[in-house]
Each structure stands twice: as structure tokens, then as C-alpha cells.
Amino acid sequence: MKRPILLHPDPRLKKTSAPVSDLTDELRALADDMLETMYAAPGIGLAAPQVGLLSRLIVLDCVKEEGETPRPLAMFNPEVIAASDDLNVYEEGCLSIPDQYADVTRPETVDVRWMDKDGNEQTETFNGLWATCVQHEIDHLDGKLFIDYLKPLKRQLITRKMVKLKKERARA
Ligand code: NI
């Protein structure tokens with residue numbers, strides 16, 4: 001089932017999400033819903049607060065090439081446990097901030113630990129687009145958006161555009 005995606009500005013997008021202590025069927029179903037919502041958008045990552053649930057859960061799939069096998073990942077309690085000194089710049093966007101993009105600098109490579117849908121601990125090294133995406137999504141769990149990395153003026157400009165967009169959508 002697809003779920004509505006919250007748009008910035010929304011107080012729920014600024015909150016810290018709570019760790020998942022008990023992996024319930026409800027949470028597994030939420031992960032499936034989030035993947036469906038992400039693919040439909042279309043996007044490459046989505047965090048639970050973006051659908052209004054303040055639990056530490058993210059989904060991602062950064063396989064973009066046509067014909068390549070998709071790799072849907074659902075991560076409960078994801079944590080960056082190591083980050084490279086080497087940095088990478090990507091033009092980022094966010095499903096909660098539609099049509100707005102900006103360059104963000106982040107570590108090029110990160111080691112991430114998480115719990116999978118079966119409750120098993122996983123650790124993997126991500127780089128390139130995957131590294132950017134997983135860091136962007138984990139930021140959501142701490143109430144942080146990619147525009148928080150931008151200069152205040154640019155951030156305010158984007159936020160003003162989003163306020164306008166939300167008003168237009170509410171009227172439609
Ligand atoms: Ni986002």
C-alpha cells in the first residue's frame with residue numbers, strides 16, 4: 001500500500017525518531033509500504049518520518065540503470081559506524097522537497113550497521129551514490145534534511161517555495 005509523503009516544512013520531519021526495539025509484523029509491513037511508495041514516487045530512498053512514523057527505519061535502492069536487478073534494502077536502526085575522510089559531492093533531492101536540488105558534500109564511503117527484516121544484524125560498506133543516499137536517509141531519522149547543509153539564504157528560498165507549493169496543493 002502506498003502512503004502519502006509528508007512535505008517540508010512539517011514539524012514531524014524535524015523530530016528524532018525512536019529506535020526499533022521490537023520488530024513487529026506491522027513494522028515489516030511498513031517497510032514494504034515504504035518501498036512501494038519510494039518506487040512509485042519514483043525515488044531511491046525513503047525514511048519512516050517522511051510517511052509520518054517516527055521509527056528508525058529507512059528503505060533504499062540506488063540501482064538506477066535500466067535492466068539491472070533492483071536491490072531493495074530495508075534497514076532498521078541503521079547507524080554509520082565508520083566514514084571515510086574522502087568526500088564526495090552529489091546533487092541531492094528529497095521526496096519531501098519535490099523538484100529542489102542542491103550539491104551536498106558527504107563522506108565518500110561509509111560502513112553502516114543495521115537490523116534487517118528478519119532481525120539479523122548486517123554490516124556493509126557503501127560508496128558513491130549508495131553512500132550519499134544512506135547518509136541522507138539516516139539524517140531523516142535525526143530530523144535533518146539535506147537543505148540543512150546549505151547556506152541559510154538558499155535554505156530559506158527553498159522553504160519559501162515549498163510553503164507556496166503546499167498552499168497550492170491544499171487549495172487544489
Ligand atoms: Ni529525503
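Counting a salt bridge as a side-chain nitrogen of Lys or Arg within 4 Å of a carboxyl oxygen of Asp or Glu, the structure comes to 10 salt bridges. This is a predicted model, so local features need pLDDT of at least 70 and side-chain atom pairs count only at pLDDT 80 or more, while totals for chains, interfaces and linings use all residues. Residues are numbered from 1 along each chain as its sequence is written, and side-chain values use heavy atoms, with hydrogens and water left out.

One of these bridges brings together the side chains of lysine 14 and aspartate 148, at 3.3 Å from N to O. Lysine 14 sits in the segment before helix H1 (25-40) and aspartate 148 in the loop between H2 and helix H3 (152-171), so the contact ties together parts 134 residues apart in sequence. Helices here are DSSP runs of H or I with at least four residues, strands are runs of E with at least two, and both are numbered from the N terminus. For accessibility, buried means under 20% relative accessible area, exposed means over 50%, and partly exposed is in between (1.4 Å probe, protein chains only). On that scale lysine 14 is partly exposed at 44%, and aspartate 148 is partly exposed as well, at 25%.

Aspartate 25 and arginine 28 make another salt bridge, with their closest N and O atoms 3.0 Å apart. This one stays inside helix H1: the two residues are three apart, so about one helical turn separates them. Aspartate 25 counts as exposed, at 61% relative accessibility, whereas arginine 28 is partly exposed at 25%.

Then there is arginine 106, which bridges to aspartate 139 with the closest N and O atoms 2.9 Å apart. Arginine 106 belongs to strand E5 (residues 97-107) and aspartate 139 to helix H2, so parts 33 residues apart in sequence get tied together. Both arginine 106 and aspartate 139 are buried. Shared partners extend the picture, with salt bridges joining Glu92, Arg106 and Asp139 into one network.

Helix H2 itself (residues 128-141) has 14 residues and reaches 21 Å from its first C-alpha to its last, close to the 20 Å expected at 1.5 Å a residue. That expected span is 1.5 Å times one less than the number of residues. Of the 14 residues of H2, 13 are buried, so the helix is largely enclosed by the rest of the structure. Just after H2, glycine 143 adopts a positive phi of about 70 degrees.

On to the rings. Rings of Phe, Tyr and Trp (its six-membered ring) pair if their centres lie within 6.5 Å; planes under 30 degrees apart count as stacked, over 60 as edge-to-face and the rest as tilted. The structure holds two such aromatic pairs. Tryptophan 114 and phenylalanine 126 give a tilted pair, 6.0 Å centre to centre with 40 degrees between the planes. Tryptophan 114 is buried at 4% relative accessible area, and phenylalanine 126 is buried at 2%. Phenylalanine 126 also pairs with tryptophan 130, this time stacked, at 6.0 Å centre to centre and 20 degrees between the planes. Both phenylalanine 126 and tryptophan 130 are buried. Taken together, Trp114, Phe126 and Trp130 form one aromatic cluster.
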